[in-house]
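This report goes through one protein structure. Please look at the sequence and the 3D view before reading on.

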Amino acid sequence: MTHVLITGATGLVGGHLLRMMVQEPRIIHITAATRRPLQDIPAKVSNPYDPQLTDALAQVTAPVDIVFCCLGTTRREAGSKEAFVHADYTLVVDTALTGQRLGASQMLVVSAMGANARSPFFYNRVKGKMEEALIAQQWPRLTIARPSMLLGDRENRRLNESLLAPLFGFLPGNWKSIDARDVARAMLNDALAPATQGVNILSSAKLREMAARQA
């Protein structure tokens, strides 16, 4: 039986993942650390929260087995480069460190297609540095999901995604857009399935393939 810590549960992928985990009998308790309180919390979920998330993570003391991090924003939403780095790098690393403090041996994180610490593009560079930081923590088992453009109903619509989503739906391979529900489904399946140790990177095409097998 598994105890889980998740951050980003109020987001697009994280919201789907939380609902799936609530229905998963192999997961007996979920700690969802958030920046705003969840609504209608099921019995198997605890929800420490604070606007900066850091204090919510510090409140968690119960041991966990698996950590999921689904945090992610855009520079436009964050308001500045510094705020974006805080959300997509610092808080992700803090989530991982919290998981290690609580005894977790496995972490799964939502990154992005094109993540590369040496990319000329700011967004991809931050995502790549985040991945490198998690790899440097030497998790026994680390899964990095790199989805393409995410499809789904966000609370706050992103204009670029709304405009480009139809185009990305016709692109091949890893470029093809992917439903956030499929990313969540693939991550949960990967977390609970027997697997080799080490770092496992799931491309967007691989995520779609895994989700299709579980549909």
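The model is predicted, so local features need pLDDT of at least 70 and side-chain atom pairs count only at pLDDT 80 or more, while totals for chains, interfaces and linings use all residues. Residues are numbered from 1 along each chain as its sequence is written, and side-chain values use heavy atoms, with hydrogens and water left out.

**Salt bridges**

A salt bridge is a side-chain nitrogen of Lys or Arg within 4 Å of a carboxyl oxygen of Asp or Glu. The count by this rule is 8 salt bridges; three of them are listed here.

| Pair | Closest N to O |
|---|---|
| Arginine 26 and glutamate 24 | 2.8 Å |
| Glutamate 209 and lysine 206 | 3.6 Å |

Buried means under 20% relative accessible area, exposed over 50%, and partly exposed in between (1.4 Å probe, protein chains only). Arginine 26 is partly exposed at 45%, whereas glutamate 24 is buried at 13%.

Helices (H or I, at least four residues) and strands (E, at least two) are DSSP runs, numbered from the N terminus. Glutamate 132 lies in helix 5 and arginine 118 in the loop between strand 5 (106-110) and helix 5, so their bridge ties together parts 14 residues apart in sequence. Glutamate 209 and lysine 206 are 3 residues apart in helix 8 (residues 204-214), which means that about one helical turn separates them.

**Helix 7**

Helix 7 (residues 180-192) has 13 residues and reaches 19 Å from its first C-alpha to its last, close to the 18 Å expected at 1.5 Å a residue. The expected span is 1.5 Å times one less than the number of residues. Its buried residues include Val183, Met187 and Leu188. At the N-terminal end, aspartate 179 caps helix 7, with a side-chain oxygen 2.8 Å from the backbone nitrogen of arginine 181.

Most residues other than glycine have a negative phi. Leucine 53 has a positive phi, near 70°, and is buried at 1% relative accessible area. Glutamine 138 also has a positive phi, near 60°, but is exposed at 68%.

**Surface patch**

Which residues make the nonpolar surface patch? Ile135, Val199 and Ile201 make this patch of about 240 Å². Patch residues have over 30% relative accessible area and no salt bridge; like charges are joined within 9 Å, and nonpolar side chains (Val, Leu, Ile, Met, Phe, Trp, Tyr) within 5 Å. Accessible areas come from the Shrake-Rupley method with a 1.4 Å probe. Isoleucine 201 is partly exposed at 41% and sits in strand 9 (residues 198-203).

Note on methods
Polar contact = N/O pair within 3.5 Å; in protein donor to acceptor, adjacent residues only side chain to side chain.
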